[in-house]
Amino acid sequence: MEKLMQELKERLIEALNLEEITPEDIDNEAPLFGEGLGLDSIDALEIILILEKDYGIRLENPAEAKPIFYSVKTLADYIAGCTKK
């Protein structure tokens, strides 16, 4: 799980052009949106693309994304759950 979270952080930094942030700066439990990393709805679309392109995971219902996209840990948990099936 640690490896997956590290990988996710690196992909988020690259896809969202967060040049001033390192993976170590991102807390696994911190919110990605709002007071955490401060991501917005455009960034959410990029995360959807990361899920589809890198992990082959398609969100059936975008309304379900909010709890999944809460933090790096919730994203990693979701990916791990989907890839075990």
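In this predicted model, helix α1 (residues 2-15) has 14 residues, which at 1.5 Å a residue should span 20 Å; its end C-alpha atoms are 20 Å apart, so the two values agree. The expected span is 1.5 Å times one less than the number of residues. Helices are DSSP runs (H or I, at least four residues), numbered from the N terminus. Residues are numbered from 1 along each chain as its sequence is written. Local features need pLDDT of at least 70, side-chain atom pairs count only at pLDDT 80 or more, totals for chains, interfaces and linings use all residues, and side-chain values use heavy atoms, without hydrogens and water.

N17 follows α1 and has a positive phi, near 55 degrees.

For α4, 12 residues at 1.5 Å each should span 16 Å, and the end C-alpha atoms agree, lying 16 Å apart. V72, L75, A76, I79 and A80 are the buried residues of α4. They cover an arc of only 130 degrees around the axis, which puts them on the same side of α4. The arc is taken from the directions from the helix axis to the C-beta atoms. Helices α1, α2 and α3 are among what covers these residues.

The largest nonpolar core has 27 residues, of which F69 and L75 touch the most other members. Such a core is a set of buried Ala, Val, Leu, Ile, Met, Phe, Trp, Tyr and Cys residues joined through side-chain atoms within 4.5 Å. At least two core residues come from each of α1, α2, α3 (65-68) and α4. The most come from α2, with six. Beyond its neighbours within four places in sequence, L75 is in contact (heavy atoms within 4.5 Å) with L8, L32, I47, L51, I68 and F69.

Methods:
Buried means under 20% relative accessible area, exposed over 50%, partly exposed in between (1.4 Å probe, protein chains only).
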